[in-house]
Amino acid sequence: MDNKIKIKLFGNLSELANTQEIWIDFKTTFFELRDELFLQFPLLVNKEFVFAINQKITHENVIINQNAEIALLPPFSGG
Amino acid sequence: MNLRFHRQTILPNYGEAAQQKLLNSKVLVIGAGGLGCPCLQYLVSSGIGLIGIVDGDIIDISNLQRQILFTTNDIGKNKAVTAKEKLKDIHPSTEINSFSFFLDGKNAKEIISKYDVVIDCTDNFNTRYLINDVCVELSKPLIFGANYQFEGQVAVFKMDDAKINLRDIFPTPPKQAMRCEEAGAMGAVLGILGSVQALETIKLITEQQDYLYNEMLYLNVIKYETIKIKISKKLSDMRSPMLGNTIIDLNVEEFIEKINNPLVQLIDVRNETELPKVDFNCTQIPLPTLKENIHLLNKEKEIVLFCHAGIRSLEAAERLQDEFDFQQVSHLKGGIVKYFSMK
């Protein structure tokens with residue numbers, strides 16, 4: 001898809017969005033991409049999860065490549 | 001040669017020396033439920049020397065579908081005591097201690113201190129964070145495992161130098177996660193996860209090169225997708241973007257990384273006449289003039305503030321977040337004095 005980036009969802013997030021992956025408009029920085037995600041999927045706002053960008057948990061603003069692997073990881077507690 | 005362990009000692013990178021390490025090891029399994037039952041079976045059969053089992057819970061009929069050490073006749077009995085009973089004949093030389101009560105703030109340290117490795121097979125965040133924090137304090141390697149429906153997480157926190165731990169992923173106990181009563185749980189899925197926890201424990205004890213060292217494995221068994229996440233130290237009191245704003249204290253090393261980073265705007269909040277002058281590019285906005293110069297700050301960038309000793313920069317950071325709604329704000333702890341003394 002042109003100018004879109006894939007975001008993988010895990011746990012209850014995929015249930016919420018009713019899909020295991022979503023596509024949003026590509027943005028070049030993490031914070032812009034995060035804003036775009038919340039704009040397009042407001043149901044993710046205030047949900048508990050962390051962003052993994054290229055298999056690394058990311059909290060700070062970083063530059064994103066369009067082929068970056070992005071996943072939203074919620075906490076699990078079942079045992 | 002020990003025939004009992006022959007098949008695992010002929011594996012590459014295992015052998016008699018590795019087996020001896022297992023026989024000498026002491027492992028604590030907290031929670032004898034869906035994760036704990038399969039994990040315990042593999043640990044005992046592999047020849048772990050001493051195993052502790054902590055669980056204050058009573059076996060219920062709804063547990064039997066996934067807690068595979070227990071049978072219909074065990075309903076109403078304590079899980080730790082019953083698990084010990086079932087496991088003792090697998091490898092009679094393995095010493096098993098059962099603790100028929102829940103881990104809590106009063107008993108956690110004393111119990112955990114007696115073991116080499118701790119396996120978190122519990123089902124609630126309060127106990128998970130208690131285990132995590134005690135393991136951090138006592139430098140005990142922790143094997144974390146958790147389930148949500150057809151997905152799971154397993155992580156190994158070795159608690160060496162940086163003491164990377166659960167709080168580097170989720171700084172405070174999450175509130176929203178559903179328990180298995182509401183979310184559901186499949187025995188075979190917990191079996192996979194409990195086995196992965198046992199395997200990672202064995203790899204850790206036998207000092208294998210490859211294991212989930214400071215990594216978290218996310219596994220989805222519907223599509224068999226995995227993602228392995230590297231966990232790094234979370235900067236001081238920085239919190240996840242979901243949990244509200246917090247000002248980040250930067251040490252000198254972290255501060256130096258911010259210099260010349262195109263995503264960062266460095267702000268000197270000292271007065272123009274103050275010394276020493278800095279040897280890098282930054283914007284000067286003396287604290288008293290913050291409001292009238294707010295347009296000089298770029299909201300798209302991470303704002304890194306500094307002053308002489310770190311007092312005014314902290315005040316400026318608080319004002320940027322509270323009054324002007326900046327999200328990503330940090331400051332140099334100890335100020336430019338510290339920077340020049342360490343550089």
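**Close-ups of a predicted two-chain model**

**Gly187(B), in helix 8 of chain B.** Gly187(B) counts as buried, with a relative accessibility of 15% (buried is under 20% relative accessible area, exposed is over 50%, and partly exposed is in between, using a 1.4 Å probe and protein chains only). The glycine belongs to helix 8 of chain B, residues 187-205 (helices are DSSP runs of H or I with at least four residues, strands are runs of E with at least two, and both are numbered from the N terminus). Setting aside neighbours within four places in sequence, Gly187(B) is in contact with Gln65(B) and Arg66(B) (contact is heavy atoms within 4.5 Å). Asp210(B) is 23 residues along from Gly187(B), and their C-alpha atoms are 28 Å apart. A word on the set-up: this is a predicted model, so local features need a pLDDT of at least 70 and side-chain atom pairs need 80 or more, while totals for chains, interfaces and linings use all residues. Residues are numbered from 1 along each chain as its sequence is written, chains are lettered from A and ligands numbered from 1 in the order in which they are written, and side-chain values use heavy atoms, with hydrogens and water left out.

Chain B has a mean pLDDT of 91, and 95% of its residues reach 70 or more (pLDDT is the predictor's confidence in each residue, from 0 to 100). For chain A the average is 91, with 99% of the residues scoring at least 70. Within chain A, the element with the lowest mean is helix 1 (residues 12-17), at 89, and the one with the highest is strand 5 (residues 70-73), at 95. Take some care with residues 236-244 of chain B, where pLDDT stays under 50. The model still gives that stretch 26 contacts beyond four places in sequence.

**The buried side of helix 4 in chain B.** Helix 4 covers residues 79-87 of chain B, and Lys79(B), Ala80(B), Thr82(B), Ala83(B) and Leu87(B) are its buried residues. Look down the helix axis and these buried residues fall within an arc of 165°, so they line one face of the helix (the arc is that of the directions from the helix axis to the C-beta atoms). What sits over them? The cover on the buried residues of helix 4 includes helix 3 (36-46), strand 2 (50-54) and strand 3 (95-99) of chain B.

**Gln328(B), in contact with both chains.** Gln328(B) sits in the loop that runs from helix 10 (311-322) to strand 13 (329-332) of chain B. Its relative accessibility is 10%, so Gln328(B) is buried. Beyond four places in sequence, the contacts of Gln328(B) in chain A are Phe31(A), His59(A), Glu60(A) and Asn61(A).

**Leu320(B), inside helix 10 of chain B.** Leu320(B) is part of helix 10 of chain B, and at 0% relative accessibility it counts as buried. Its contacts beyond four places in sequence are Leu290(B), Ile294(B), Leu297(B), Ile303(B), Leu305(B), Asp325(B), Phe326(B) and Val329(B). Leu332(B) is 12 residues away from Leu320(B) in sequence, and 15 Å away from C-alpha to C-alpha.

**Ile53(A), in strand 3 of chain A.** Strand 3 of chain A takes in residues 50-53, including Ile53(A), which is buried with a relative accessible area of 9%. Not counting residues up to four places away, Ile53(A) touches Phe30(A), Thr58(A), Val62(A), Ile64(A), Ala68(A), Glu69(A) and Ile70(A). From Ile53(A) to Asn65(A) is 12 residues in sequence and 9.9 Å between C-alpha atoms.

Most residues other than glycine have a negative phi, and most peptide bonds are trans. Ser139(B) is partly exposed, at 35% relative accessible area. Pro276(B) is in the loop between strand 10 (264-268) and strand 11 (283-284) of chain B.
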